[in-house]
Amino acid sequence: MSRLDAFINRMTSQRACLDHAARLTAGLEGPVFELGLGNGRTYHHMCEIMPERDIYVFERAVASHPDSTPPDEMLILGDVHQTLPQALERFGRTAVLIHADLGGHNPEKNDAFARAVSPLVEPLLAKGGLMVASDRMYFENLKEQALPEGAVPNSCFIYG
Ligand code: SAM
């Protein structure tokens with residue numbers, strides 16, 4: 001598969017999975033977490049589809065498009081290895097939707113990172129909440145969910 005095809009699959013799947021997860025969690029009360037701001041495209045989409053939600057963004061260095069930069073009070077700046085445990089103390093198990101797109105271009109590194117971050121993410125997700133990830137995650141209790149129409153298998157994952 002070309003890099004262009006893989007990129008298109010990831011973008012298409014992120015949108016399909018985020019739309020799906022936002023619909024399924026619409027009846028729950030609680031914040032939403034975006035892990036990895038990057039350019040801010042998925043954050044911007046999440047703001048569009050969940051305008052009523054508090055969306056907290058975890059990022060180590062902000063370099064997003066000005067239209068897609070969260071306000072300071074919604075930004076949790078730092079390495080997720082530190083900020084996710086801090087978020088558990090602050091928010092408890094309340095996040096209704098967590099989206100993670102933290103990876104780079106190296107699949108082995110992304111997998112190692114997903115293994116390390118999974119136990120930090122799992123306790124943050126509210127009962128009935130959903131996690132959408134660009135990489136396979138390694139949870140103790142959360143189960144992989146069926147993908148919605150339009151999502152490409154292995155380009156995006158949903159857990160709940
Ligand atoms: N979803 C974003 C978008 O639509 O533009 C792209 C996210 S980009 C692929 C990954 C982001 O995760 C980068 O901005 C990077 O700085 C951030 N990141 C990677 N490792 C991190 C870590 N350990 N702690 C915090 N942020 C991290």
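How do the residues of the shell around the ligand divide into nonpolar, polar and charged?

Tutor: The shell divides into five nonpolar, five polar and five charged residues. Here Ala, Val, Leu, Ile, Met, Phe, Trp, Tyr, Cys and Pro count as nonpolar, Asp, Glu, Lys and Arg as charged, and the others, Gly among them, as polar. The model is predicted, so local features need pLDDT of at least 70 and side-chain atom pairs pLDDT 80 or more, while totals for chains, interfaces and linings use all residues. Residues are numbered from 1 along each chain as its sequence is written.

In total, 15 residues surround the ligand (C-beta atom, placed from the backbone, within 6 Å). The closest are Gly36, Gly38, Asn39, Arg41 and Asp101. Helix α2 and strand β2 (55-59) each supply at least two residues of this shell; helices (H or I, at least four residues) and strands (E, at least two) are DSSP runs, numbered from the N terminus.

His65 is in the loop between β2 and β3 (75-77). From the C-alpha atom of His65 to that of Val80, 15 residues apart along the chain, the separation is 21 Å.

To return to α2 (residues 41-49), this helix packs against α1 (residues 3-24) at an angle of about 30 degrees, with the axes 11 Å apart. Axes are lines fitted to C-alpha atoms over the stretch in contact, and angles run from 0 to 180 degrees between N-to-C directions. On the α1 side the contact is made by Gln14, Arg15, Leu18, Asp19 and Ala22, and on the α2 side by Thr42, His45, Met46 and Ile49. By class, these are four nonpolar, three polar and two charged residues.

Leu18 has a further partner in Val132. Beyond its neighbours within four places in sequence, Val132 is in contact with Cys17, Leu18, Ala21, His99, Cys156 and Ile158. Val132, Ile98 and Met131 touch the most other members of the largest nonpolar core, which has 38 residues. Such a core is a set of buried Ala, Val, Leu, Ile, Met, Phe, Trp, Tyr and Cys residues joined through C-beta atoms within 7 Å.

Terms used. Two residues are in contact if their C-beta atoms, placed from the backbone, lie within 7 Å. A residue is buried if 20 or more other C-beta atoms lie within 10 Å of its own, exposed if 12 or fewer, and partly exposed in between; C-beta atoms are placed from the backbone.
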